[in-house]
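Welcome! Have a look at the structure first, and then read on.

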Amino acid sequence: MADDDSSQEKTEDPTPKRMQEARDQGQIPRSKELNTTVVLLAGTGGLLLFGESIARQFLAIAQNNFEIPREHIFDNAYMGLHLGRAAYDGMSSIVPVLAILLVASIVGPIALGGWLLSAKAMAPKFSRLNPGAGLKRMFSVNALMELAKALAKFLIVASLSLVILQMMVDDILGLGRESINGAMEHAVVIVGWAFFTLSATTIVIAMVDVPFQIWDNSKKLKMTKQQVKDEYKDTEGKPEVKGRIRQLQREIAQRRMMGEVPEADVVITNPTHFSVALKYDPQQAGAPIVVAKGADFMALKIREIAEAHDVPQVRTPPLTRAVYYSTDVDQQVPAGLYLAVAQVLAYVFQIREHEARRGKRPNPLGNLDIPVDLQHD
């Protein structure tokens, strides 16, 4: 299927096969703004939850560092251990926030488009080194959208920063009148809320970017009418190939059906237009089964095979037509024809007994009772 058919306008929605192929190649809607929003909000939320604890931990580390005895300062081994403990305490205090950021960095990308690990997407694409394609991307709708988002983010964040600074100026100036412990904890809260408010502004940008990315990805996957037709042919098969397959299937079924004729108990005939081969197994609790049937040339072949294998043939035009039209191969005859078929089989069994000199010759078959709803002219 040609993906770059520029002779037709891409007006058709992508087929499931087209969408799956695009997904396999890593082409799914993604929003960097949504990722940024999720990570920023998670980070600031973690800072608000654990900020005071982190401030107290860092304050304790600072106090411990300023209270080192003079004799230990000149002890290289002690100072190395002291530095290690300080680093461990500092890292352990921010682990909860790092864990939240780790989860957010995973959830953010898969929130739109779902989880995807594509080897094709990770493979190097040397087409990206083409200067012409690079210039085309620079002046594309995507590039214009990215520029608009960057300007919007700058204006929104800058404006809101001034508003937040104006609202918190009293709290910031009041930090100088607090104790060191209280000021550090208060400063973390101020920074946390300011950062959280600024991060919340990216929600507006994400709300615009997510629908745009979905629309843009859907637009890229649009197909021309010819592409849809070509894909249908590739999926369902070309009509001439499907016709050939059906012909082969019919031939195989016919050969298998003809192979069952020698095992039949009787072949009932029209006598020229239809032939039906019947088989009855008295050991199985069931009705006689149609093992082969055919019309015209196929009917003639069934009669020839039956004659070659000494399978009795009985001329019963009404019954033959009724069975032919009502029963498929390998199916039992309908209940309405049980009596008529039983009479034919009984007649055949009596003929065999007579030929084996174990009984007298049976009388010719009379009119068979065929239900009105099963009769065919």
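Helix α2 (residues 32-66) and helix α4 (residues 76-110) cross at roughly 170°, and their axes come within 8 Å. The model is predicted: local features need pLDDT of at least 70 and side-chain atom pairs count only at pLDDT 80 or more, while totals for chains, interfaces and linings use all residues. Residues are numbered from 1 along each chain as its sequence is written, and side-chain values use heavy atoms, with hydrogens and water left out.

**Helices α2 and α4**
- α2 and α4 are therefore roughly antiparallel to each other (an angle over 145 degrees).
- Their contact (heavy atoms within 4.5 Å) has 17 nonpolar, 11 polar and one charged residues.

**Helices α9 and α10**
- Helix α9 (residues 180-200) packs with helix α10 (residues 202-220) at an angle of about 20°, and the axes are 5 Å apart.
- α9 and α10 are therefore roughly parallel to each other (an angle under 35 degrees).
- On the α9 side the contact is made by Leu198, Ser199 and Ala200, and on the α10 side by Thr202, Ile203 and Val204.
- By class, the residues of this α9 and α10 contact are four nonpolar, two polar and no charged.

- Ala158 belongs to helix α7 (residues 141-167).
- With a relative accessible area of 31%, Ala158 is partly exposed (between buried, under 20%, and exposed, over 50%, with a 1.4 Å probe and protein chains only).
- Ala158 and Leu198 are 40 residues apart in sequence, and C-alpha to C-alpha they are 9.2 Å apart in space.

Notes:
Axes are lines fitted to C-alpha atoms, for helices over the stretch in contact, and angles run from 0 to 180 degrees between N-to-C directions. Helices (H or I, at least four residues) and strands (E, at least two) are DSSP runs, numbered from the N terminus. Angles under 35 degrees count as roughly parallel, over 145 as roughly antiparallel, 65 to 115 as roughly perpendicular and the rest as oblique. Ala, Val, Leu, Ile, Met, Phe, Trp, Tyr, Cys and Pro count as nonpolar, Asp, Glu, Lys and Arg as charged, and the others, Gly among them, as polar.
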